[in-house]
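I opened a new structure today and kept notes as I went.

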Amino acid sequence: MSDYLIDVQNITKIYKSGSLDTVALKGVNFTVNKGEYLAIMGPSGSGKSTLMHILGCLDVPTSGKYLLDGKDVSKLSENDLADIRNQKIGFVFQSFNLLPRMTVLRNVMLPLLYGKYSSMSNSSRVKAAQEALDAAAFPKNFWYYFPNQLSGGMMQRVAIARALVTDPAIILADEPTGNLDTKTGDTVLYSFELLHKHQGKTIVIITHEPDVAEHTERVIHIRDGQIIDDSLITNRRVITDYL
């Protein structure tokens with residue numbers, strides 16, 4: 001059994017279209033310890049989105065192994081992958097993906113309606129959602145607002161709270177500041193900083209932006225389906241409060 005939270009072993013991914021093969025990942029290897037805060041960075045077409053889909057159990061590799069918290073998830077069925085996503089992974093997407101007719105609090109409660117959480121009482125779901133919103137630094141006086149009443153930065157912090165509510169092993173964020181200006185994006189990165197510092201969450205940010213990657217402790221650079229650099233950030237940018 002792997003001692004790492006994430007253990008990617010010689011992963012390749014090939015997409016087939018008729019007689020044409022497109023190699024998206026070429027023998028990728030890396031490990032992530034529990035509590036790490038890192039970025040996977042690369043330009044468009046580098047393979048970082050494919051890698052994110054595999055890390056998030058949204059896809060499986062063509063060959064190689066992916067061990068998540070000691071479990072080989074490389075060859076699991078779609079139903080088993082869905083269970084892993086529900087229990088182990090919290091997703092934060094660029095487009096927020098909030099339901100417009102639900103309040104902030106109910107949006108955060110949504111993951112608790114499925115899988116092993118479906119037997120929870122409503123009061124327990126409310127309490128868990130409130131705790132997740134607090135952890136994501138989302139202000140209490142907006143808990144009963146609807147998404148269209150919020151700024152982009154606030155919507156993304158709701159998405160972070162929703163990702164956090166099941167206490168996942170990993171928070172996987174795909175271009176989480178991509179739709180935001182720099183100042184608003186920094187408020188989102190501040191939420192990640194709090195989760196990393198005070199809760200020891202393992203956070204993986206997929207990005208093409210160097211100034212976003214500079215907030216993390218480690219950056220894996222990917223290009224043409226291969227890792228070209230894997231380095232610790234010695235002087236990372238740390239946001240200590242809202243700007």
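**Aromatic rings**

I began with F91, which counts as buried because its relative accessibility is 15%. My cut-offs were these: buried is under 20% relative accessible area, exposed is over 50%, and partly exposed is in between, with a 1.4 Å probe and protein chains only.

I noted that this is a predicted model, where local features need pLDDT of at least 70, side-chain atom pairs count only at pLDDT 80 or more, and totals for chains, interfaces and linings use all residues. Residues are numbered from 1 along each chain as its sequence is written, and side-chain values use heavy atoms, with hydrogens and water left out.

Next I looked up F93, which is partly exposed at a relative accessible area of 25%. I then listed the aromatic pairs and found 3. Rings of Phe, Tyr and Trp (its six-membered ring) pair if their centres lie within 6.5 Å; planes under 30 degrees apart are stacked, over 60 edge-to-face, and the rest tilted. F91 and F93 make a stacked pair, 5.6 Å centre to centre with 5° between the planes. F138 and F142 have ring centres 6.5 Å apart and planes at 80°, so I logged them as edge-to-face. F138 is buried, at 2% relative accessible area. F138, F142 and Y145 form one aromatic cluster.

**Strands**

I took helices (H or I, at least four residues) and strands (E, at least two) as DSSP runs, numbered from the N terminus. Two strands pair if DSSP finds at least two bridges between them.

β1 (residues 6-17) and β4 (residues 63-68) run antiparallel, joined by 5 bridges. V8 has Y66 in β4 as its bridge partner. β4 also runs antiparallel to β5 (residues 71-72), with 2 bridges. The β4 and β5 hairpin has 2 residues between the strands, and D69 takes a positive phi near 55°.

**Pockets**

I used a 1 Å grid over the protein atoms alone: a pocket is an open set of points with protein on both sides within 12 Å along at least five of seven lines, and lining residues have an atom within 4 Å of a point.

Which residues lie nearest the centre of the largest pocket? I found I89, F91, L110, P111 and R162, among 13 lining residues. α2 (78-88), β6 (89-93) and α5 (152-164) each give two or more residues to this lining. β6 gives the largest share, 4 residues.

I also listed the lining of the second largest pocket, which includes D69, D167 and K201.

How values were computed. 1 Å grid on protein atoms, 1.4 Å probe; cavity = no way out; pocket = protein on both sides within 12 Å on 5 of 7 lines; lining within 4 Å.
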